[in-house]
Amino acid sequence: MHPTTATHPTAERFRSLVEKRDLAALEDLFTPDIRFYSPVKFTPFEGRPMVLGLFGVLLRTFEDFRYVGSHTGEARTSADGGEAESAVLLFRTTVHGKEIHGIDLLHFDAEGRIKEFTVMVRPQSAVQALGQAVYEGLVADGLVPAPR
């Protein structure tokens, strides 16, 4: 279980599509029951439609988004604790003037599709800014109910 320099082909395709902002093409990379673990929500977002909607919000929320590195290997998944091929993509972005350093941790199924996606970001002030911006986007897109 040593990291390699070669990036997983799905991670490479994912990175390319995100950098092109090609939301429609992301659908084929996700399993129907994908789980997305956010830094601001305890339970995961579940299912391809919800995760694609979330990516729509993220892609318009992030300013100057760029990937700056990657690592591949194997890791235990959150859902079942099983070992899966994985990739870590390191990124930098800005949200409402706050600079964010983060990683995307992708776990792949046997066919190479993304079955689990975890995002970790720092610093805490950026997490709060990101959480608020994403929540507002999810409400605006009707993906979560508006506050009463």
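1. Burial is classified by relative accessible area: a residue is buried when under 20%, exposed when over 50% and partly exposed in between, using a 1.4 Å probe and protein chains only. By this scale Arg15, at 18% relative accessibility, counts as buried. The structure is a predicted model, in which local features need pLDDT of at least 70 and side-chain atom pairs count only at pLDDT 80 or more, while totals for chains, interfaces and linings use all residues. Residues are numbered from 1 along each chain as its sequence is written, and side-chain values use heavy atoms, with hydrogens and water left out.

2. Salt bridges. The structure holds seven salt bridges, each defined as a side-chain nitrogen of Lys or Arg within 4 Å of a carboxyl oxygen of Asp or Glu. One of them links Arg15 to Glu19, with the closest N and O atoms 3.3 Å apart. The two residues are separated by about one helical turn because they lie four residues apart in helix α1 (residues 9–20). Helices (H or I, at least four residues) and strands (E, at least two) are DSSP runs, numbered from the N terminus.

3. Arg76 and Glu83 form a salt bridge whose closest N and O atoms are 3.7 Å apart. Here Arg76 is exposed at 61% relative accessible area, and Glu83 is partly exposed at 40%. Between Arg113 and Asp109 the closest N and O atoms are 3.0 Å apart. Arg113 is partly exposed at 27%, while Asp109 is buried at 13%. Through shared partners, salt bridges join Asp109, Glu111 and Arg113 into one network.

4. Nonpolar core. The term denotes a set of buried Ala, Val, Leu, Ile, Met, Phe, Trp, Tyr and Cys residues joined through side-chain atoms within 4.5 Å. The largest such core has 38 residues, and Phe14, Leu26, Phe30, Phe36, Phe55 and Ile114 have the most contacts inside it. Helix α3 (residues 48–61) gives the largest share of this core, seven residues. For Ile114, contact (heavy atoms within 4.5 Å) is made with Thr10, Phe14, Leu29, Phe30, Thr31, Ile34, Leu106, His107 and Phe108, leaving aside neighbours within four places in sequence.

5. Helix α3. This helix has 14 residues and reaches 20 Å from its first C-alpha to its last, close to the 20 Å expected at 1.5 Å a residue. The expected span is 1.5 Å times one less than the number of residues. The helix is mostly covered, with eleven of its 14 residues buried. Among them are Arg48, Leu54, Phe55, Leu58 and Thr61.

6. Helix α4 (124–140). With 17 residues, α4 reaches 24 Å between its first and last C-alpha, close to the 24 Å expected at 1.5 Å a residue. Its buried residues include Ala126, Leu130, Ala133 and Val134. The buried residues of α4 pack against β2 (45–46), α3, β4 (83–95), β5 (98–108) and β6. Just after α4, Gly142 takes a positive phi of about 75°.

7. Largest pocket. On a 1 Å grid over the protein atoms alone, a pocket is an open set of points where a 1.4 Å probe fits, with protein on both sides within 12 Å along at least five of seven lines; lining residues have an atom within 4 Å of a point. About 340 Å³ of space lies in the largest pocket. Of its 26 lining residues, the closest to the centre are Phe36, Ser38, Leu54, Leu58 and Val134. At least two lining residues each come from α1, α3, β3 (63–76), β6 (114–122) and α4, and α4 provides the largest share, five residues. The volume is the space filled by probe spheres set on the points, with grid points joined across faces, edges and corners.

8. Two strand positions. Ile100 lies in strand β5 and is buried, with a relative accessible area of 0%. Not counting residues up to four places away in sequence, Ile100 touches Phe91, Arg92, Thr93, Val95, Val121, Arg122, Ala126 and Leu130. Ile100 and Leu90 are ten residues apart in sequence and 11 Å apart in space, C-alpha to C-alpha. Gly69 is found in strand β3 and touches Arg15, Val88, Leu89 and Leu90, with residues up to four places away in sequence again left out. Between Gly69 and Ala133 the C-alpha separation is 25 Å, for residues 64 apart in sequence.
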